Amino acid sequence: MRITLRSFARFREIFGEEQTIETTSAATPKTVLSALCEEKGCKDTLFAADGTFHPHITVILNGRRLSAEEIEETSLADNDALVVYPPVSGG
């Protein structure tokens, strides 16, 4: 199964702007991002010490923002598009 990951701001520096990822049919946004963080050495950027996803990170799946629960539980499908944004701040 293939999904597309797009990253913005500092996540672009870590993951690249866009990449296609081959994964299993049991993949969730959390398992995909966790595997990428293991590979890139950036686990603490997206995940807390207890393994939960940092709530201030925005994850969008096929144009819809996911809650922290959905990041962990939503099953990905072939050709899904996953987008990761860092926290937005400023005025």
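T45 lies in helix α3, which covers residues 43-46. Helices (H or I, at least four residues) and strands (E, at least two) are DSSP runs, numbered from the N terminus. This is a predicted model, in which local features need pLDDT of at least 70 and side-chain atom pairs count only at pLDDT 80 or more, while totals for chains, interfaces and linings use all residues. Residues are numbered from 1 along each chain as its sequence is written, and side-chain values use heavy atoms, with hydrogens and water left out.

**Residue T45**
- T45 has a relative accessible area of 18%, so it is buried (under 20%; exposed is over 50% and partly exposed is in between, with a 1.4 Å probe and protein chains only).
- Its contacts (heavy atoms within 4.5 Å) are R10, F11, I14, H54 and I57, leaving aside neighbours within four places in sequence.

**The sheet**
- Five strands form an open sheet with mixed pairing, in the order β2-β1-β5-β3-β4.
- β2 (18-22) and β4 (64-65) are at the edges with a single partner strand each, so one side of each has no neighbour in the sheet.
- Strands pair if DSSP finds at least two bridges between them; β1 (residues 2-7) and β5 (residues 80-85) run parallel and are joined by five bridges.
- I3 is opposite D80 in β5.

**Residue M1**
- M1 is in the segment before β1.
- With a relative accessible area of 24%, M1 is partly exposed.
- Not counting residues up to four places away in sequence, M1 touches several residues, including I21, E22, L76 and D78.
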